[in-house]
Amino acid sequence: MTPTAPHEGLAPAADRVLGFTVGARNVRGRVVRLDAALNAVLSAHAYPPVLSDLLGQALVLTALLGSTLAEENDGQLTLQAQAKGGPVDLLVCDWRAGKVRGYLRHDGVPEATDPAALFGEGHLAITLDFAATGERYQGVVPLEGASLADAAEFYFFQSEQLPTLFRVAVRWDEARGWIGGGLLVQHLARAEIGGERLAVADMHPDWSHVLALASTTSEAELTDPDLSAEALLWRLFHEEEVRVHDGPVPARGCRCTLGHITSVIAQFPDDERAAMVGDDGRITVDCAFCARSFALTPEGAAA
Ligand SMILES: [Zn+2]
């Protein structure tokens, strides 16, 4: 399924985050398009298409969530699903400073694409780490609903008490490779724009209207390489003034380094390290995120 040369001869759909606010409707949000970044992450793994699609959705969600964070603080957002009873027992994606990466662990191939068929029973944890201050926030929700995006919506409803809509789509294009797209829309508390604060439980007419509009965004629109993020927003909110601003450009990035790998291996006792030595006389460590392979001497030094 992985093309040898994605986008050859074609204008790329482009990796992009576009933030927006619609003041008249008290909403803000993001449009995300993942193109080369998505293909770079997925091509490092050899997952069956249905699982590439799943990891793709998780990467789009991670970009939607992480790019919101990047504006305020250079922190890290991690999306982690842990489960049992289904083909996928672990899925991890993270975002830091515009760099996104991810992997999953599976045994077998699911027959359907809803969380129950993919994961069995499990939880989705969304974690924010701020290295500068040492602060960490984590919310955990069950892996339920029709998609990962449903679980993420529930996370915001439960832990942030912030009405939020996610639309996420991933599609395989024979010519271009994988294309991912996402839309995040959040209702702003009135206090943030100088008005009366809404009770969380209230379903404000503005939000109902926005939900009705945004829910019509199709998977085809989210992943249409010829439909710009601006054009997508225009279709949704053409009656209102929409302010847009470019977010960070998402790219595939992994933080694995030989230095980090050797420091981890150095922490093992000698006998355990000896047991890691392969037939070639070296310790081989693979990065789960990017599948890069590191070779070390039996003593754990760079080989
Ligand atoms: Zn790596």
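In helix α1, the buried residues are Ala37, Leu38, Asn39, Ala40, Val41 and Leu42. The helix spans residues 36-43, and six of its eight residues are buried, so that α1 is mostly covered. This is a predicted model. The chain holds nine helices and 13 strands, and buried residues make up 37% of its 303 residues. Of the contacts with a separation of 6 or more, 64% are between residues 24 or more positions apart.

- Five strands make an open, antiparallel sheet in the order β8-β9-β2-β1-β10.
- Strands β8 (164-173) and β10 (243-246) stand at the edges with a single partner strand each, so one side of each has no neighbour in the sheet.
- On average, neighbouring strands of this sheet are turned by 15 degrees against each other, direction ignored.
- Within the sheet, β2 and β9 (residues 177-187) run antiparallel and are joined by eight bridges.
- Helix α1 lies across β2 and β9 and runs at about 120 degrees to β9.
- Helix α5 (residues 205-214) also packs on the sheet, where it touches β2, β8 and β9. The direction of α5 makes about 170 degrees with that of β9.

**The six-stranded sheet**

- Six strands form an open sheet of mixed pairing, in the order β7-β6-β3-β4-β5-β11.
- The edges are β7 (135-142) and β11 (251-252); each has a single partner strand, so one side of each is left without a neighbour in the sheet.
- Strands β4 (residues 88-96) and β5 (residues 99-106) pair in the antiparallel sense over eight bridges. Arg96 stands opposite Lys99 in β5.
- Strand β6 (residues 120-130) and β7 run antiparallel and are joined by eight bridges. Ala125 has Val140 in β7 as its bridge partner.
- Four residues lie between the strands in the hairpin of β6 and β7, and in this hairpin Gly134 takes a positive phi near 75 degrees.

- Strand β12 (residues 283-286) and strand β13 (residues 293-296) run antiparallel, with four bridges joining them.
- Ile283 stands opposite Leu296 in β13.
- This hairpin has six residues between its strands.
- Ala291 is in the loop between β12 and β13 and has a positive phi of about 65 degrees although it is not a glycine.
- With 15 other C-beta atoms within 10 Å, Ala291 is partly exposed.
- Most residues other than glycine have a negative phi.

**The β1-β2 loop**

- Arg25 lies in the loop between β1 (16-22) and β2 (27-34).
- Arg25 has 22 C-beta neighbours inside 10 Å and therefore counts as buried, the cut-off being 20 or more.
- Neighbours within four places in sequence aside, Arg25 is in contact with Asp206, His209, Val210 and Glu240.
- The C-alpha atoms of Arg25 and His204 are 9.6 Å apart in space, while the two residues are 179 residues apart in sequence.
- Asn26 is found in the loop between β1 and β2 too, and has a positive phi of about 55 degrees although it is not a glycine.
- Asn26 counts as buried because it has 20 C-beta neighbours inside 10 Å.

**The nonpolar core**

- The largest nonpolar core has 68 residues, of which Ala58, Leu59, Val60, Leu61 and Ala63 touch the most other members.
- Helix α2 (residues 49-70) gives the largest share of this core, 10 residues.
- Neighbours within four places in sequence aside, Leu59 is in contact with Leu34, Leu38, Val41, Cys93, Val100, Gly102 and Gly180.

Note on methods. Residues numbered from 1 in each chain as written. Predicted model: local features only at pLDDT ≥ 70, side-chain atom pairs only at ≥ 80, totals over all residues. Pairing = 2+ DSSP bridges. Helix = DSSP H or I, 4+ residues; strand = E, 2+ residues; numbered from the N terminus. Buried ≥ 20, exposed ≤ 12 C-beta atoms within 10 Å, placed from the backbone. Contact = placed C-beta atoms within 7 Å. Axes fitted to C-alpha atoms, helices over the stretch in contact; angles between N-to-C directions. Core = buried A, V, L, I, M, F, W, Y, C linked by C-beta atoms within 7 Å.
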